[in-house]
Amino acid sequence: MGMSVTISVATEQDAEQIFRLQYLCFQGEAALYGNYRIAPLVQTLDSVRQELASDCVYVARLGEEVVGSVRGTVTEDGAASIGRLCVHPRLQGHGIGARLLRAAESALAGERGATKFRLFTGHRSEGNLRLYRRVGYRTVGTSQGSDGVPMIVLEKPADEFATTA
């Protein structure tokens with residue numbers, strides 16, 4: 001019998017595993033855009049540690065191994081900005097990403113008062129777009145990433161969390 005994947009709040013001790021996992025997971029995105037300078041690949045370990053201290057960060061664990069992660073923070077307009085969602089390639093397609101999103105949404109709305117959720121993904125990232133749309137996000141615009149990648153902006157009201165959780 002195999003182990004179950006559990007979702008929990010990330011701790012300071014998770015920083016290095018999150019950092020390594022993020023680097024592994026975003027290689028496919030980098031290849032998709034022919035740009036290996038995308039933000040998740042150039043982020044420093046110290047920056048990940050800072051986010052752990054200030055943001056809402058959840059991890060998926062398989063035993064002691066961090067196999068997924070997501071981060072979020074509430075912005076001045078009351079929107080929760082969710083990002084860096086990643087799941088180890090060997091475990092993708094099993095609902096872990098959706099579970100991580102639900103955990104982050106629940107905490108951001110319930111504990112931090114978010115009124116809506118906002119996320120960004122590359123315009124060619126069809127798998128990401130399918131997941132986000134399946135859990136209730138709708139396209140509200142486009143933007144240009146700091147790395148030059150055209151991004152799609154998606155949002156959903158925080159009061160819809162209960163209907164998609």
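A salt bridge is a side-chain nitrogen of Lys or Arg within 4 Å of a carboxyl oxygen of Asp or Glu. The structure here holds 10 salt bridges. It's a predicted model, where local features need pLDDT of at least 70, side-chain atom pairs count only at pLDDT 80 or more, and totals for chains, interfaces and linings use all residues. Residues are numbered from 1 along each chain as its sequence is written, and side-chain values use heavy atoms, leaving out hydrogens and water.

**Exercise 1.** Work out how R49 and D46 are placed in their helix.

*Solution.* Start with the contact: the two side chains form a salt bridge, N to O 3.6 Å. Next, look at helix 4 (residues 45-54): R49 and D46 sit 3 residues apart there, so about one helical turn separates them. Helices (H or I, at least four residues) and strands (E, at least two) are DSSP runs, numbered from the N terminus. Finally, zoom out: E16, R20, D46 and R49 are linked in a network of salt bridges.

**Exercise 2.** Find which elements the salt bridge between E155 and R118 ties together, then decide whether each residue is buried or exposed.

*Solution.* First, check the distance: the closest N and O atoms are 2.7 Å apart. Then place the partners: E155 is in strand 7 and R118 in strand 5 (residues 116-122), so the pair joins parts 37 residues apart in sequence. Now the cut-offs: buried means under 20% relative accessible area, exposed over 50%, partly exposed in between (1.4 Å probe, protein chains only). E155 has 16%, so E155 is buried. R118 has 15%, so R118 is buried.
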